[in-house]
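Please read the following report with the sequence and the model open beside it, and look up each part as it is named.

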Amino acid sequence: MPSFPPRVFSGVQPTGNLHLGNYLGAIKKFVALQATHECIYCVVDMHAITVPLPPADLRANIREVTAAFIAAGIDPKKHIVFNQSQVAEHAELAWVFNCVARMGWLNRMTQFKDKAGKNSENVSVGLFAYPALMAADILVYRATHVPVGEDQKQHLELSRDIAQKFNNDFADSIAACGHGEAFFPLPEPLIQGPATRVMSLRDGSKKMSKSDASDYSRLNLSDDRDTIAQKIRKAKTDAEPLPSELAGLAGRPEADNLVGIFAALAGESKAEVLNRFGGQNFSGFKAALVDVAVDALDPIGAEMKQLLKDSGHLEAILNDGAARAREIAAPVMTAVKDILGFVR
RNA sequence: AGGGGCUUAGCUCAGCUGGUUAGAGCGGUGGUCUCCAAAACCACAGGUCGAGAGUUCGAAUCCCUCAGCCCCUGCCA
C-alpha cells in the first residue's frame, strides 16, 4: 500500500439542534486536529435529505452548524469549511461507489436497520445508499483520517471496503493511468481521547439525541446559562452519593454520565473528578457541573448567536471553502473517470 | 396498471349498525415528595378524526373524488 499525504475529513449533518453530544463527540475533536493536520470539515447537507426535512429548516440548520464550527474554534481560513452540496464531485463519486458497494454490505449497516425499523419498505433509497455517499465524501479528497464516534465506525469500515474494492477491481487501470498500486487510501478512524459518549440526561442508557421528546434530555449549544442550569438540576441521578473510585460508577449509568460530562468539559479524567467529589451529594456536584458547563458552552452559544446574525458572512465562508474543496476534488474525479474508462 | 386493506393526540391504538364538549396506554409539561433526581401520587396540555365535495336535523362513522402507505396479481425496462 503506497502512502498518502495525511488529510483529515469529517462531516456533520445539518438535521437539527446541535447538542453537547455533537460538541464533545465531534466538533471539539475537529478543533484539536487543526494543530496537527490539514483538515476539511463539511456540513453534509446531502445526507440530511435522506429523511424528510423542510427546506427552510435545512437552510437554517446549515447556517447553524457552520456557526457552531466557527464558534467552537475551527479556522475556515487555515482549513476548509463548506457545505457538501456545493461540490458536485461528492455526488458524482457517490454514484461510482454505488456501483462498487454490494447490496449485502449495505444491508448489514446497523444504523440503517435502526432508522428504517419496520418501515424498511418506506424509507428513501438515499438512506440505504448513505454509506456510499459518505465514502465519496472522504475519498473524493483522498482523506486518510476521519474523526468519528463509535456509531460511525461501521460506516467508516464500509468506506475502507469500498476503497479497497475500487483499488482492487481497477488495479490494472490504476497502474496504467500512472497512479501506482492504489488510487484511494484506506481511511482510518481517529478516536482519540476518552470515549466521550454523552448519554441522555433523563436516561443514562440512551444516547443524548436531538430526537428525544424531552428537551431536558440534552444540553443544546444554543441553550443560555439559565437553561443549562435548569437542565442539569433536573438531570436524573440515583439515591447514593458519588463514589470516590471509578469502580463505584459501575451499574450507575446516570452518575457515570454526569461525571463523564464534567470530566470532558473540565479537561480532567473521571478519576480526578471522583477524587474531588467522592462522597458528596448530587446537589453539590450538580452545582459545580453547572459552572463548568456554563463556562464551556455559554461562550460558544453566544458566539453562534453573533455569527447567525450575519448569514451573508456565513455563506461567504461556505462559498470560499467550497471553491477550495473543489480544487482538490475535481482532479480526483477526473482521474477516477480515466480509471473507469469514461471518455472525456 | 388491476384487486384488496389501511390513514383518529408526539407514538401504539379504541371508537359497535351515524346522535350531546372524540377516548385510553405510553410519552410530554407543571406540582407534591427527594440533598438533586428516580419511583409513586395529583394536575394539565395536545387532534380542523389524510384532503375535498356530498347525503342528513346531525358524519370519525354512510356515498363520491383525490392523495399517501401496505399486501397480492400483472405490465414495462
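## The surface near the RNA

The residues of the surface near RNA strand B divide into five nonpolar, five polar and seven charged; here Ala, Val, Leu, Ile, Met, Phe, Trp, Tyr, Cys and Pro count as nonpolar, Asp, Glu, Lys and Arg as charged, and the others, Gly among them, as polar. This is a predicted model, in which local features need pLDDT of at least 70 and side-chain atom pairs count only at pLDDT 80 or more, while totals for chains, interfaces and linings use all residues. Residues are numbered from 1 along each chain as its sequence is written, chains are lettered from A and ligands numbered from 1 in the order in which they are written, and side-chain values use heavy atoms, with hydrogens and water left out.

In total, 17 residues surround RNA strand B, and the closest are S214, R233, K236, T237 and N281; a residue is near a strand if one of its heavy atoms lies within 4 Å of it. Of the atoms of RNA strand B that come within 4 Å of the protein, sugar and phosphate account for 65%. Helices α10 (225–234) and α13 (282–308) each supply at least two residues of this surface, and α13 gives the most, with three residues. Helices (H or I, at least four residues) and strands (E, at least two) are DSSP runs, numbered from the N terminus.

| Residue and its atom | Atom of RNA strand B | Distance |
|---|---|---|
| F282, backbone N or O | base nitrogen | 3.3 Å |
| S283, side-chain N or O | base oxygen | 2.8 Å |
| K286, polar side-chain atom | base oxygen | 2.8 Å |

Is N220 buried or exposed? At 2% relative accessibility, N220 counts as buried, where buried means under 20% relative accessible area, exposed over 50%, and partly exposed in between (1.4 Å probe, protein chains only). N220 sits in the loop between β5 (188–190) and α10, and its C-alpha atom is 3.9 Å from that of H19, although the two residues are 201 residues apart along the chain. Not counting residues up to four places away in sequence, N220 touches N17, L18, H19, D215 and K231, where contact means heavy atoms within 4.5 Å. The side chain of N220 also makes a polar contact with the side chain of D215, at 3.2 Å.

E254 lies in helix α11 (residues 253–266) and is buried, with a relative accessible area of 10%. A polar atom of the side chain of E254 lies 2.8 Å from the backbone nitrogen of G204.

H90, in helix α4 (residues 89–98), is buried with a relative accessible area of 0%, and its side chain makes a polar contact with the side chain of Y141 at 2.8 Å.

## A bent helix

Helix α7 (residues 125–139) bends by about 45° at P131, the bend being the angle between axes fitted to the seven residues ending there and the seven starting there. Of the 15 residues of α7, 13 are buried, so this helix is largely enclosed by the rest of the structure.

Terms used: A polar contact is a pair of N or O atoms within 3.5 Å; within protein, one must be able to donate a hydrogen and the other to accept it, and residues adjacent in sequence count only if both atoms are side-chain atoms.
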